[in-house]
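The following note sets out some points on the model under review. Please read them alongside the sequence and coordinates.

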Amino acid sequence: MELVGLTVDKFHSALKSGETTVEAVCKATFDRIEKLNPDLNVYLTVTKDSALERARQLDQQLAAGAELSPLFGVPTAIKDNICTKDVRTTCASKILDTFKPPYSATVVERLEAAGAVVVGKANCDEFAMGSSNENSAYGSVRNPWNLEHVPGGSSGGSAAAVAADLCIVALGSDTGGSVREPASFCGVTGLKPTYGRVSRYGLVAFGSSLDQVGPISKNAADSARVLGVIAGRDWHDSTSSEISVPDYLAALTGDIKGLKLGVPKEAFVEGLHPEVKARIQESIKNFESLGAEIVEVSLPHSEYAIADYYIIATAEASSNLARYDGVKYGFRDADAKTLQEMYKKTRDHGFGSEVKRRIMLGTYVLSSGYYDAYYLKAQKIRTILEQDFRKAFEACDLIVMPTAPVPPFKLGEKTDDPLAMYLADIYTVTINLVGVPGISIPSGFTSDGLPIGCQLIAPHFEEARLLQAADAYERSYPSNRYPNI
Amino acid sequence: MDKDFEAVIGLEIHAQLKTRTKIFCTCSAIFGGEPNSDTCPVCLGLPGALPVLNKEVVSMATKAALALNLHINHESIFARKNYFYPDLPKGYQISQYDRPFSERGWVEIPTSERDEQGRAVEWKKKRFHITRLHIEEDAGKSIHDGMPQSATKSYVNLNRSGVPLVEIVSEPDFRSSWEAYDYVQYLRKTLLYAGVCDGNMEEGSLRCDANVSVRLRGAEKFGTKAEIKNLNSFRFLQKALDYEIDRQIKTIKEGGKITQETRLWNDKEGKTYVMRSKEEAHDYRYFPEPDLPPLTVSTQYIEDISQHLPELPEARRERLQHLYELTMEESMLLTQTKEMADYYEQVTEASGNARLAANWVLSELLRELKNAGKEITECPVTARDFGDLVKLIADNTISGKMGKEVFEKMFQTGKSPQLLIEELGLKQITDPAEIESIVKTVVAANPKQFEQYKQGKQALFGFFVGQVMKASQGKVNPQLTNDILKKILDA
C-alpha cells in the first residue's frame, strides 16, 4: 500500500476491500521510519513491537467482522510532551530523558479506544518552547520539503512525520502556534481547538491557560476525525468544557456559500514576507470563488499580543517547570553536596537555554514588585484582545490571515536572535490568548518550493465551521505535491 | 509579663479537613498507609497531571467558615504559591491568595489568665476577629531519621501531599499567651463540633504558627514581629508565646532591637531559635491557578449547609450554663466536646435532675473515663442508664455512696443500675416500719448502752446508728434511721 498521501479515508477503504491490513501498513510505516528518520529526526522513540502486536489484534478483530472505529488501525504519532503509559516521554528535554509515565494522557486513551495505533513519540522543541524545533535536546527536526530548513515548532516532529508519511495522523500541542506553525511549514493541516475543547490531562504543561492538544493531518477531514475522538469533557481536567461535541465529519459539506470571511486589516503589515502575502491573498480569492463573502475586520490591539503572550506563557511556565527538581523523577545532577546545589545543578544541566530563558522571564514577571506591572497588566490586555475578537466576529463567521509571517527558514538562521524567533508566532499567539480555535491549511509554496500555510480562525467552539471551510478549500484547491524524500 | 509592655499576637492555624479523599485527586486522605502508597500522578506532581477539586472539601470549608462567622465569598480563586522544597512535589502549593474562600469572621469566647497552679483567675468574654479562612493542599513529609540510609540520605513520603487544609488567619487580637491558648482551644472545639477536623495536634491535623510583637502599653503602633513555628501542642503554644514575649521585652529593655524573622520553638530547651531572617524570606510569586476555575458557591448552597451545622460550642455552653444553672467552669467542661455535651444533656433528661447529673458526670464519669483511658464516645455506660442511676440517687433509692459503687460496676460491665442494685442487694431500705423493726432489735440487743444513753450519755447515739447500719448492711436510709432511732431512744 502506498503510504505517500495516505489519509484515513483511503486507508479504511483499502482495509474494507481487503487490499491491505493494519499490520501491513504499520510495517510499511516502520520501514519508512527506519529509512527516513535518521535524516529527519522526527521520532525520539519508536514503539514498533507494541504497535505491530496491536496491529495484528486489530486485523483479527476486523477478520471477525468488527466495525471500523474512527481511527481503526491508523498509525499515529504522539508529540513527546504527551504522556504515554510506560513509554518514554521526554518533552525533548534531558531532564526527562528516562521518564516513563505510569499513565496515559486522556487524548492518548481516547485515540487508542478509537482504534489508533501509536507508532512513536515525535520530537519537538524542549517543553514545547520554540518555533523551529531547534530547541530539542535530541537535535533538530528537519523539514521534509528541504532538509536545510526547519519544520517549524514546537510540534515540528509531528508535522514533519505527517508530511513525510511516517504516520497518517499526529497529535501536537499548541500554546502559541505550536501545531499551526509547523503544519504551515510542512505543508499539512494543523488544528488548535478552542481552549477547553480537548482535555489537557497528561499533556505536560507549558502555559496552562493556553495549551491545547490538536491534530496534525494530511487534510481537514482527518483532523475532523481526530478531533471528534479526542474532544469533550474529561473529569480529570477542570478546564475541559461540558459543551457537547458535534459530528465534525458530518459538517464537511463542501459548501461554504455565503460564509463571511473576515480579513483583519492589521494582518498585512510590515514584516510579512512578500511570498506569504501573495499566497494568502490568492487563498482569499480562492475562498471568494467558492462563494465566501470577504469582509474587512479590525483587531486593533494585535500589536500587543506577542509581548502579552511572552509574559503570560513564561509566568505559567516558570511555575509549571518547577517540579523538575531532581527529587522525584527524571535527571538529577549527581555532583551536588547540598539540597540547594542539587536544585541548581539539576536544573542548570537538565534544561536547555531557551527553557531557562523562559523560566527566568516568567519568574521575573511574577516577582513581588513586578507582578502588577507585568502579569496583571498582561491579563488586562488579554481581556482587551478577547473583546477585539468578539467584535470582529460580529461582522464575520471566520477570520483569515497568515499562519506565520515567513516561509520555513533555514536551520540556525534565527537561533541567535530569540526576539526574531518569537516574531514567527505573531499571527498565532493571539488565538491562544483569546482561546478561540484556529487551523492552518496548505496555501501553496514559495518559489523555492517551501510550503506556506493559511490560517482560519473561528469563534469559541465553532471547530465545525472551521473544518468545513478548510475542507471545502482543500477539495477545490488540493496541493497535490509531496516532499521529495 | 512586664507591666509597662503589652504583647500583640496573631495566629495562623492550619486545620486538616477530614475528607475521605484528598483535595485534588481520589487518593485516600487517611493516614497510616505505607510511605508513598496513597499517591497518584496528581499528588505526586507527575508531568501532565491536573488537579480536580474535591466537593467534600468545599462543604467542610463552608461549615468551618460558617461556624467562625466568616463571610463566604461567592467566588474565590485558587492561587499557586511557588517555592522549592523536596516534599512539595509540584514546586508550588495550590492555595488561595487575594480572593480567599471566606473573610471577616469572629468568635466571642470566655478567656482568662491562669494562676501559678494553672487555674483560671477570672473568665471574661472577649471577641477575637478572624481575617480569613482559605482552602489549600498540604505538602508531603521529609523524613531525615530512622530510614535504612538516613545517615547519608533524606526521604520523602508523599502520602500527605494533597490532603486538604483550611488556613485560619486571625487578626492580631491576642494580648497574652492565655488568650491565644483559649482561642486555639475554642477553634479546635468548633472544628470538632462542625465535624470537619479531628483536631489532633500531635499528628499534625491542627497546626499553629504565631506572629508575636510587643509594644509599650498604650502605644498605637505595633512593634516588629517575629513569626514562631512548630507550635504543635497547646502546651508548646502557651510556653513558646510566653518565652517569646519575655525575650522581646528583655531585648528592648536592654536597648536592643527586634528583627523581623521566623523562629522555631525548641521544647527541649524551652527557647525559640531563629530559623530564617527577613532577607531570606521567600517570594512566593503567587498567581491565579490556571488549572482550576474560580470556586463558586451560591447563597442557596451556603443556606443548605448552615441547616446542617450543629449548635456551636459557645452557644451551647451559654445555653447549658443558664438552663441548668451551672458555673462557668462546669459549663466549659461539659461542652468540651459535642459528644460530652450530648451525653450530659441526655443524662439530665433521663434523670430529670440537671444539678446532680452535672455533679456525677463531672466527677464519677470523668474519673472513670480517665482511668480507663477512654473517650466519651467509648463510654460503656449509656446516658440512659446513667440518668436512671442519678434518678435512683435523687429519690433516695440508693445512697450516694452506693451510687458510686454501682456506677463503677456499670462502667465495668455495662449493666443497667437497676440490675446491679438487684445483684448487689444494694437497694436502700426506706420503709419506716422495716427500719423501726431493725432499730428495735438493735436496741434490745444492747441494753447496757441503752441504759447509759438514757442516763444522758448522748454520744452513744452514734453507736446505735453504727449498729443499725451494720445490722442492715448499710442499706437503711440514713435520714430516716436518724429520725426513727431518736424517736425510740427518746421514747
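Which residue of chain A forms a salt bridge with Asp291(B), and how far apart are the closest N and O atoms?

1. The partner is Arg200(A), with the closest N and O atoms 3.0 Å from Asp291(B) to Arg200(A). A salt bridge here is a side-chain nitrogen of Lys or Arg within 4 Å of a carboxyl oxygen of Asp or Glu. The rule finds 1 salt bridge across the interface of chain B and chain A.

2. This is a predicted model, in which local features need pLDDT of at least 70 and side-chain atom pairs count only at pLDDT 80 or more, whereas totals for chains, interfaces and linings use all residues. Residues are numbered from 1 along each chain as its sequence is written, chains are lettered from A in the order in which they are written, and side-chain values use heavy atoms, leaving out hydrogens and water.

3. Chain A contributes 39 residues to the contact and chain B 31 residues (contact: heavy atoms within 4.5 Å). About 2,700 Å² is buried between the two chains, 60% of it from carbon and sulfur atoms (accessible area, 1.4 Å probe, that two parts lose on being put together, summed over both). In chain B, Pro47(B), Phe84(B) and Arg285(B) lose the most area to chain A, together 24% of what that side buries.

4. Within chain A, helix 5 (residues 156-163) is largely enclosed by the rest of the structure, because 8 of its 8 residues are buried (under 20% relative accessible area, 1.4 Å probe, protein chains only; helices are DSSP runs of H or I, at least four residues, and strands of E, at least two, numbered from the N terminus). These buried residues pack against elements of chain A including strand 3 (117-122) and helix 6 (180-186).

Conventions. Buried means under 20% relative accessible area, exposed over 50%, partly exposed in between (1.4 Å probe, protein chains only).
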